[in-house]
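This report describes selected local and overall features of the structure shown below.

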Amino acid sequence: MSVPSPHSTVVARRIDPLAPSAPGLYTDHLVRVVHHDRTTEEAPSGPDSRRGRAAQDVPPQPIVRTEHFVLRRRGRRIELSHRMRPEQLDNDLAGLLAEELFAPGWLSGSDVFERVFTGVVRSCVDGPLPAWTTFYGNTLTRIRQYWQSPEQAVHSSIAGFAPVYRRTLDLVGPGSVLDLGSCFGFLPLLLAERQGRTVIASDLSRGTMRLLGTVAGARGLMLEVLVCDAAQVPLPDGAVDTVTVIHVLEHLDADHGDAVLREALRLARRRVVVAVPYEDEPTAAYGHVRCFSPRQLTDLGRRTGHPFHVGTHHGGWLVVDPRR
């Protein structure tokens, strides 16, 4: 991610979304997330324990209480509590965290965002796989509900991405697909549900790809996962029919983004589909580092040297059809 963590003195450690944890609790070296109604942690008892608890176990005073979260800090560690229910667990959690904690500046940095996000999911449902299958199942169901009744949708992260996924599915067409920068991989899962095609999801995060592969298997879907930089994909030229680069370039500086587009063109036999948000300012909470306009997308298309078109549909689109 391009947004630096505020804890620059702490050595970065990978997030393992499937690591074991106690029911109702997620903890790592940076964050501790507790579900107030479900945690099994027991407070010590007795005079000695009470003295120890006074020094170590009594929660610090809240920094802020929001509609869904209570935020505290204990030294460098962020402590977050919540009472979210399993039926509420979907990708709209990203919007809640952004709006209530990151946009106001209570928390910052994409590493912290990802750890807190993981903590809420893991503390909401017992067991790593049940927690994540609940999260994925709810999200995919709500994406389809939006497709069926977009006029009834309220503003949310899912409502923001559902039309982007729908448009991507319409543009991809038949044949094999490689998705670059898949993150949680909702789009590759939706593509894999279409029978008779090879779908490859890729991302730099090994833990996220392991999670996506595990969830895809649990859902009975054939989905390959690949851990790599989107600018250096270990596949041969023309490996797939279509390459999708959906809401990736806004996370990368110009040089890295150009390298990703060149790599996508190298890999695609038939089409490259690029989507970006249109923003007045990059959304730092999501790790965005630059903005795009229709003119910038047109310039990108011209520099490819291939036929292309630029459109607008819940953001900007660049579709390039390589001549091979």
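In this predicted model, helix α4 (residues 128-148) comprises 21 residues and spans 31 Å from its first C-alpha to its last, close to the 30 Å expected at 1.5 Å a residue. That expected span is 1.5 Å times one less than the number of residues. Helices (H or I, at least four residues) and strands (E, at least two) are DSSP runs, numbered from the N terminus.

Local features need pLDDT of at least 70 and side-chain atom pairs count only at pLDDT 80 or more, while totals for chains, interfaces and linings use all residues of the predicted model. Residues are numbered from 1 along each chain as its sequence is written, and side-chain values use heavy atoms, with hydrogens and water left out.

The buried residues of α4 are A131, W132, F135, Y136, G137, N138, T139, L140, I143 and Y146. Here buried means under 20% relative accessible area, exposed over 50%, and partly exposed in between (1.4 Å probe, protein chains only). These buried residues pack against α3 (110-124), α5 (157-172), α6 (186-192) and α7 (206-218).

One cavity of 30 Å³ or more is present in the structure. A cavity is a set of points, on a 1 Å grid over the protein atoms alone, where a 1.4 Å probe fits but cannot get out; lining residues have an atom within 4 Å of a point. Grid points are joined across faces, edges and corners, and a volume is the space filled by probe spheres set on the points. The largest cavity has a volume of about 40 Å³, and its lining consists of N91, T139, I143, S157, I158, F161, Y165 and F186. The elements giving two or more residues to this lining are α4 and α5, with α5 giving the most, four residues.

By class, five lining residues of the largest cavity are nonpolar, three are polar and none is charged. In this scheme Ala, Val, Leu, Ile, Met, Phe, Trp, Tyr, Cys and Pro count as nonpolar, Asp, Glu, Lys and Arg as charged, and the others, Gly among them, as polar.

**Individual residues**

H82 is found in strand β5 (residues 77-82). Its side chain makes a polar contact of 2.7 Å with the side chain of S123. A polar contact is a pair of N or O atoms within 3.5 Å; within protein, one must be able to donate a hydrogen and the other to accept it, and residues adjacent in sequence count only if both atoms are side-chain atoms. Leaving aside neighbours within four places in sequence, H82 is in contact (heavy atoms within 4.5 Å) with V33, V34, H35, H36, H68, F69, V120, S123 and C124.

R65 lies in strand β3 (residues 64-65). Residues up to four places away in sequence not counted, R65 touches V70 and R72. The C-alpha atoms of R65 and E100, 35 residues apart along the chain, are separated by 9.2 Å.

| Residue | Relative accessible area | Class |
|---|---|---|
| H82 | 2% | buried |
| H247 | 14% | buried |
| C183 | 40% | partly exposed |
| R65 | 57% | exposed |

Most residues other than glycine have a negative phi. C183, in the loop between β6 (177-179) and α6, has a positive phi of about 55° although it is not a glycine. H247, in the loop between β9 (240-246) and α8 (254-267), also has a positive phi of about 55°.

**The chain as a whole**

The protein chain contains nine helices and twelve strands. Of its 324 residues, 49% count as buried. Of the contacts in the protein chain with a separation of 6 or more, 65% are accounted for by residues 24 or more positions apart.

Technical notes: On a 1 Å grid over the protein atoms alone, a cavity is a set of points where a 1.4 Å probe fits but cannot get out, and a pocket is an open set with protein on both sides within 12 Å along at least five of seven lines; lining residues have an atom within 4 Å of a point.
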